[in-house]
Amino acid sequence: MTAAQDELRQAVRGFLAATSDSAAVRSLIDSDTGYDATAWHRMASELGLHGIAVPERFGGAGAGNAELAVVFEEMGAALLCAPFFATVALAIPAILGSADDDAIAEFVPPLADGSATATLVLNGRLGPWDESAIAVTARGDDRVGYTVYGDAPMVLDGHTADVVLVAADCEAGTSLFAVDGRAEGLFRRPLAGLDRTRRIGHLHFDGAPARPVGRPGAAGPGLALVADVATMLLAAEQLGGAARCLDTAVGYAKDRIQFGRPIGSFQAVKHRCADMLVLVEGARSAVAHAAALTDPDELAVAASVAKLTASETFTQVALDNMRVHGGLGFTWEHDAHLYVRRAKSSSLMFGDPDHHALRLGELVTTTPA
């Protein structure tokens, strides 16, 4: 890690310690929007996090995936409640990847400065990218305009996003469209999920007017790359959650006295914590490798490795953190269950470990040496 990345980490960690502590998270999971608008704007204005990987000419910092991974790791540790993943890991890369300068100039600056939020509908179910499983269709052409139709049952922050980007089938092929969140013909409602720190909405498109982003029919390769980047960033977020669970478990093992001595001195607890550390450091290596890559073919493999590793790590370490805390860890008042919920839900997003294991088998047999 470079000195600049470490400085970024400390800045994000300090900000989140002040704005996304346990009390804030618990307050936001019961709120209408699911996030603090003031903190959202401060993240953009004070730290520039929304536009960290946006080119400078569009109001960003011009950084890359390695810096984004640092940010998402810290956000995962804090269980940040905000539409940050939907906006920064999905929507902004999709717009930038379209190579549509007009669309970039229209949509990216408001997203980068925090004045708007966005999301991306890839297949409508938070599953892995599959161009043959696109759930939305588009009708029309450049002369008369486009409208979109279809259901997207599970969309990250879909019910609150100001801009909804939609991968849709049209006569030209796979295309990307932008739909105003308040457009007629767009119907949306929030859903109850296992992970209450991450909001999901059900979207129904019934003739909603849509603006093409990029050339119609040419969106497939760009969306595949967006899916791989988002998968890597989700793995970074999972790593952050697992690392926080490890730190919490070790801290409790040092402080909790039983039979006149810290429970961390007992072999069973000591070995469990050591196993947690091994898992976290393995996931850290996988995420760091994926975040450093720029070649799309290499990233596809590394993103699946990172997601598989981080999913299994976060789930195991979150459960072990709960177990180290004993009966206390299973109560609503303790935060351990919030991390277990996040770990379980994140493991399924963009493909579970079994999916990525199968995908790796396919990729390593088709990718040139």
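Residues are numbered from 1 along each chain as its sequence is written, and side-chain values use heavy atoms, with hydrogens and water left out. Because the model is predicted, local features need pLDDT of at least 70 and side-chain atom pairs count only at pLDDT 80 or more, while totals for chains, interfaces and linings use all residues.

**Exercise 1. Determine how α5 and α6 are oriented and which residues join them.**

Step 1. Helices (H or I, at least four residues) and strands (E, at least two) are DSSP runs, numbered from the N terminus. Helix α5 covers residues 84-97 and helix α6 covers residues 101-112.

Step 2. Axes are lines fitted to C-alpha atoms, for helices over the stretch in contact, and angles run from 0 to 180 degrees between N-to-C directions. The axes of α5 and α6 come within 9 Å and cross at roughly 160 degrees.

Step 3. Angles under 35 degrees count as roughly parallel, over 145 as roughly antiparallel, 65 to 115 as roughly perpendicular and the rest as oblique. Therefore α5 and α6 are roughly antiparallel.

Step 4. Contact means heavy atoms within 4.5 Å. From α5, T87, I92, I95 and L96 meet A103, I104, F107, V108 and L111 of α6. These residues divide into eight nonpolar, one polar and no charged (Ala, Val, Leu, Ile, Met, Phe, Trp, Tyr, Cys and Pro count as nonpolar, Asp, Glu, Lys and Arg as charged, and the others, Gly among them, as polar).

**Exercise 2. Work out how α7 is placed against α10 and against α4.**

Step 1. Helix α7 (residues 220-255) and helix α10 (residues 336-348) have axes that come within 11 Å and cross at roughly 155 degrees. The pair is therefore roughly antiparallel.

Step 2. In α7, L234, E237, Q238, G241, R244 and C245 meet Y339, R342, S346 and S347 in α10. By class, this contact of α7 with α10 has three nonpolar, four polar and three charged residues.

Step 3. The axes of helix α4 (residues 65-78) and α7 come within 6 Å and cross at roughly 40 degrees. These two helices are therefore oblique to each other.

Step 4. Residues of α4 in the contact include L68, F72 and E73, and those of α7 include M232, E237 and R244. The contact of α4 with α7 divides into ten nonpolar, four polar and three charged residues.

**Exercise 3. Find how many disulfides there are, and why C81 has no bonded partner.**

Step 1. A disulfide is a pair of cysteine sulfur atoms within 2.5 Å. The count by this rule is zero.

Step 2. The closest cysteine sulfur to that of C81 is in C245, at 15 Å, so the separation is too far for a bond.

Step 3. Buried means under 20% relative accessible area, exposed over 50%, and partly exposed in between (1.4 Å probe, protein chains only). C81 is buried at 4%, and C170 is buried at 14%.

**Exercise 4. Locate L79, D157 and G127, and decide whether each is buried or exposed.**

Step 1. L79 is in the loop between α4 and α5. Although L79 is not a glycine, its phi is positive, about 50 degrees. At 2% relative accessibility, L79 is buried.

Step 2. D157 lies in the loop between β3 (145-156) and β4 (163-170). D157 is not a glycine either, and has a positive phi of about 50 degrees. Its relative accessible area is 6%, so D157 is buried.

Step 3. G127 sits in the loop between β1 (118-121) and β2 (136-141). G127 is buried, at 15%. Not counting residues up to four places away in sequence, G127 touches F350 and G351.
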